Amino acid sequence: MTLLTCCQSIDIPSKSQANTTPTISFQKTVTLDKNFKIAMGQTIYVPVYSHIYHHNRQEIFNFAATLSIRNTDLEKPIIITSVRYYDSHGKFIKQYLEHPIQLDTLASTDVLINRNDTSGGLGANFIVEWVASTEVSEPIVEAIMIGTDFQQGISFTSPGKGIKNQN
């Protein structure tokens with residue numbers, strides 16, 4: 001089934017597609033032309049853990065991971081230009097944006113890595129890039145990992161770290 005918004009189509013996964021990873025959805029796609037002036041922007045590194053070891057590295061505890069990108073500005077939108085996923089060896093796995101998207105004031109978006117997707121490994125990461133045409137407050141970009149087995153549950157967050165600024 002496909003749901004249409006004013007700006008892009010969004011695929012709603014069926015039960016048979018439950019193990020696939022959806023792309024970012026429900027956001028306005030934008031085109032950045034040569035006249036777009038970047039007032040500020042950033043490249044953000046976000047650590048993600050698809051699993052951790054326990055019992056002296058004899059067993060693995062898998063996690064579902066959600067990348068959350070939140071525009072914290074009270075008045076201005078930001079534009080997310082790239083969301084890339086890499087594995088423990090720095091090998092590129094997937095680009096989650098085909099086109100830049102606009103995050104309006106206080107809006108957010110996310111990417112889900114399913115619990116059974118261990119392609120990233122223990123040292124997986126996202127690289128998120130954003131820009132704005134005016135001065136804005138920096139977005140919050142973090143990963144949330146959660147896993148449950150039997151009667152045990154583990155969850156934690158991993159904050160993003162700015163590794164490059166654009167002016």
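The structure is a predicted model, in which local features need pLDDT of at least 70 and side-chain atom pairs count only at pLDDT 80 or more, while totals for chains, interfaces and linings use all residues. Residues are numbered from 1 along each chain as its sequence is written, and side-chain values use heavy atoms, with hydrogens and water left out.

In soluble globular proteins, nonpolar side chains tend to be buried together. Here, the largest nonpolar core holds 28 residues; such a core is a set of buried Ala, Val, Leu, Ile, Met, Phe, Trp, Tyr and Cys residues joined through side-chain atoms within 4.5 Å. Buried stands for under 20% relative accessible area, exposed for over 50%, and partly exposed for values in between, using a 1.4 Å probe and protein chains only. Among the residues with the most contacts inside this core are Leu-67, Ile-69, Phe-126 and Trp-130. The elements giving two or more residues to the core are β4 (40-48), β7 (64-70), β8 (78-86), β10 (101-103), β11 (108-113), β12 (124-132) and β13 (140-149). Of these, β12 gives the most, with five residues. Strands are DSSP runs of E with at least two residues, numbered from the N terminus. Leaving aside neighbours within four places in sequence, Ile-69 is in contact with residues including Ile-80, Val-83, Leu-103, Val-128 and Ile-140, where contact means heavy atoms within 4.5 Å.

Charged side chains come next. The structure holds two salt bridges, each defined as a side-chain nitrogen of Lys or Arg within 4 Å of a carboxyl oxygen of Asp or Glu. In one of them, Glu-129 pairs with Arg-84, and the closest N and O atoms are 3.4 Å apart. This pair links distant parts of the chain, with Glu-129 in strand β12 and Arg-84 in strand β8, 45 residues apart. Both Glu-129 and Arg-84 are buried. Asp-149 forms a salt bridge with Arg-115, with 2.9 Å between the closest N and O atoms. Because Asp-149 lies in strand β13 and Arg-115 in the loop between β11 and β12, the pair ties together parts that are 34 residues apart in sequence. Asp-149 is partly exposed at 26% relative accessibility, and Arg-115 is partly exposed at 30%.

The whole structure contains six aromatic pairs. Rings of Phe, Tyr and Trp (its six-membered ring) pair if their centres lie within 6.5 Å; planes under 30 degrees apart count as stacked, over 60 as edge-to-face and the rest as tilted. Tyr-86 and Phe-92 have ring centres 5.7 Å apart and planes at 70°, so this pair is edge-to-face. Tyr-86 is buried, whereas Phe-92 is partly exposed. The rings of Tyr-96 and Phe-126, with centres 5.9 Å apart and planes at 55°, form a tilted pair. Both Tyr-96 and Phe-126 are buried. One aromatic cluster is made up of Tyr-49, Phe-61, Phe-63 and Phe-156.

Finally, four strands form an open sheet in the order β11-β7-β13-β14, with antiparallel pairing; strands pair if DSSP finds at least two bridges between them. Since β11 and β14 (152-159) stand at the edges with a single partner strand each, one side of each is left without a neighbour in the sheet. Eight bridges join β13 to β14, and the bridge partner of Glu-142 in β14 is Pro-159.
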